[in-house]
Structure formats: structure tokens, C-alpha cells
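Welcome, and thanks for taking a look at this one. Below is a short tour of a single protein chain, arranged by topic.

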Amino acid sequence: MTTTRITVGLDGSGESATAARRAARGWSTTLVYSQARALTPGIQGQIRHGIAIVMDEMLSPWRDKYPSVEVNPTHRMGRPAIQVLDAASDAALVVVGLRIREAAAFGTQIGAITHAVLHHSAAPVAVIAHD
């Protein structure tokens, strides 16, 4: 039996939390939290530990509601859009949150990561608005 797997990009914002909550309803899910800045090993370890706790708290309701669904949280270092796209290389769907930016010269725009994923993903992309 083939498992449908989706990839969700997380950045700790309300938009990405909403996307993650709505995405993993019955599908095998990979959650990707990417950090662009390289940190010293000690600080990086502390941040990874903190992110693991937050992701575990966020996943707890899913694990209770969908115990047979595989959910894999992952923390990657590097440019977030590239990390999400890399993690989604074999996904059936990529899910990202909608962040609106107001730019004086250009008007309303979506966030840079959502923009990059929309334009470079091999899989369909779902952009989920914040609750």
C-alpha cells in the first residue's frame, strides 16, 4: 500500500501552525522547521532542544486524534525555502502558511518562503491562511 506523504513548512508563526494543524489530517506528514542562521554548537543544541519541545507539544493533539498516521518532525539548518523544497522532493503535497507583507512600493505581497515554494516545488502547493 502506498502512503501519501505531505510536507509542511514551519517557522514558528501562527500562519505555519495553522497550516500544520490543517495539513496532517490522515496523511503521513513531514514537518520541516528550518533555521537560516548558523549558530555556535552550544546555542544550536539549546535551540534544537527548544524546537523539539514546541514541535512535540504541537504534534500531541494529532498523535491522539490520528494514532495510525506517521508524523515526522525535522529541524534543518539552511535557507528555509530550500530546506522545505528538499524535504518535499517526494511529497504528494507541500503545505505552507500565508504571511502577507505590506510593501510601500509594491503593495501587498506573500512571504518570501511561500513565494519560493510556490514557484519551485515539483509537488502541488497548498497555502493555508491563518485562523
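Predicted model: local features only at pLDDT ≥ 70, side-chain atom pairs only at ≥ 80, totals over all residues.

- Thr 114, Ala 116 and Val 117 are the residues to look for on the inside, as each of them is buried in H4.
- Looking down the axis of H4, you will find its buried residues within an arc of 165°, so they line one face of the helix.
- A helix has a built-in reason for such patterns: with 3.6 residues a turn in an α-helix, residues three or four places apart point the same way.

**How H4 meets H3**

- Helix H3 covers residues 80-87 and helix H4 covers residues 112-120; their axes come within 9 Å and cross at roughly 40°.
- The H3 and H4 crossing is right-handed.
- On the H3 side, the contact is made by Pro 80, Ala 81, Val 84 and Leu 85, while H4 brings Ile 113, Ala 116, Val 117 and His 120.
- By residue type, the contact of H3 with H4 comprises seven nonpolar residues, one polar residue and no charged ones.

**Strand S4 and its partners**

- Strand S4 spans residues 93-97, and four of its five residues are buried, so the strand is largely enclosed by the rest of the structure.
- Which way does strand S1 (residues 5-10) run relative to S4, parallel or antiparallel? S1 and S4 run parallel, and three bridges join them.
- In that pairing, Ile 6 stands opposite Leu 93 of S4.
- S4 also pairs with strand S7 (residues 125-128), again in the parallel sense, over four bridges.
- Here Val 95 stands opposite Ala 126 in S7.

**The chain as a whole**

- The protein chain holds four helices and seven strands.
- Along the sequence, these follow the pattern β-α-β-α-β-α-β-β-β-α-β.
- Of the 131 residues in the protein chain, 37% are buried.
- Taking contacts between residues at least 6 apart in sequence, 67% join residues at least 24 apart.

Methods
Residues numbered from 1 in each chain as written. Heavy atoms only, no water. Axes fitted to C-alpha atoms, helices over the stretch in contact; angles between N-to-C directions. Helix = DSSP H or I, 4+ residues; strand = E, 2+ residues; numbered from the N terminus. Left-handed = near helix turned anticlockwise from the far one by under 90°. Contact = heavy atoms within 4.5 Å. Nonpolar A, V, L, I, M, F, W, Y, C, P; charged D, E, K, R; others polar. Buried < 20%, exposed > 50% of the residue type's maximum accessible area, 1.4 Å probe, protein only. Arc of directions from axis to C-beta. Pairing = 2+ DSSP bridges.
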